[in-house]
Amino acid sequence: MKTRILSAVVALPLLLFIVISGGIWLHVGVGLLGLIGMYEFNRAIAGELKGAHIIAYLFGLFYVVFMDKLVYTQTLFSVFTSLFVLALLIYSVLCYRKTSYVECCASFFGFFYACFLLSHVYLVREFDHGKLLIWLAFISAFGCDTGAYFSGYFLGKNKLCPALSPKKTIEGSIGGIITALVLCLLYGLWINRFHPIAGVNVLLLCGLVGFFGSILSQIGDLAASSIKRQVGIKDYGNLLPGHGGVLDRFDSVILTTPVLYYVMLFLIH
């Protein structure tokens, strides 16, 4: 517990500084976390460095450097993805005795799961009004987690998914969704009161993120648990002592942030 608290005391101010600062600090920070997440995922699946992993890291690094240009230009992202697949196919042909299509597919999935999804933290922060709205991703994820814990503790009776997480309950899940929704709406009211955004239905945006973000937050948590159980590990890594690795700490935010980004795309013109 002492180690866990000490890690949080060090990591939380650093996270706040990077997210508030935005720009190059956030770009580099999110990029590093994404690449570390890829490493954690590949190590969990394969146990050692493989050739397909190196290809994935190279494409991951290229994406990290040019993520804003690739995401905002659909043609470039399509070319990037096609070249990524082509490189893995060529590798699987040239080194067919040393690799497998499972290894190549896992490397491809690992990029999108760890690096691409996490990059939405930067994309949201640099979007219109992102400095205000980025916090919805964290409110939705951590609000749901906190609400689910207390709802499950006091009201939980029916197991949600005992094979993956024996302590999670249906009552806790519902409580988490309600808590996240309420907190996001309260944040929306605060924005409307002190930092109004012209032409944007902030309460609708916050409500959608709170509801769908909290659901995907739980799916992200359960998905991470599913992968870890299948490969027989407790944590993805130990980057944050007492908290695990990048994928352990951000398994919920990794899905709430894309929800926020695409809701913003839809509602902010």
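Q: In which hand does α8 pass α12?
A: A crossing is left-handed if the near helix is turned anticlockwise from the far one by less than a right angle, and right-handed if clockwise. In this case α8 passes α12 in a right-handed crossing. The helices are DSSP runs of H or I with at least four residues, and strands are runs of E with at least two, both numbered from the N terminus. This is a predicted model, in which local features need pLDDT of at least 70 and side-chain atom pairs count only at pLDDT 80 or more, whereas totals for chains, interfaces and linings use all residues. Residues are numbered from 1 along each chain as its sequence is written, and side-chain values use heavy atoms, without hydrogens and water.

Q: At what angle do the axes of α8 and α12 cross?
A: Two packed helices are described by the angle and the distance between their axes. Axes are lines fitted to C-alpha atoms, for helices over the stretch in contact, with angles of 0 to 180 degrees between N-to-C directions. For α8 (residues 135–155) and α12 (residues 253–267), the axes come within 9 Å and cross at roughly 135°. α8 is therefore oblique to α12; angles under 35 degrees count as roughly parallel, over 145 as roughly antiparallel, 65 to 115 as roughly perpendicular, and the rest as oblique.

Q: Which residues make this contact between α8 and α12?
A: Contact means heavy atoms within 4.5 Å. On α8, the residues include L136, F138 and F142, and they face V253, T256, T257 and L260 of α12.

Q: How does α10 pack against α12?
A: Their axes lie 8 Å apart at an angle of about 155°, which means that α10 is roughly antiparallel to α12. This crossing is right-handed. Among the residues of α10 that meet α12 are L208, F212 and G213, while V259, V263 and M264 are among those on α12.

Q: Where does α10 bend?
A: A bend is the angle between axes fitted to the seven residues ending at a position and the seven starting there. By that reading, α10 bends by about 25° at G213, a residue that also belongs to the contact with α12. After α10 comes G232, with a positive phi near 75°.

Q: How are β1 and β2 joined?
A: Strands pair if DSSP finds at least two bridges between them. Here β1 (residues 159–161) and β2 (residues 165–169) run antiparallel and share two bridges. C161 has S165 of β2 as its bridge partner, and a hairpin of three residues connects β1 to β2.
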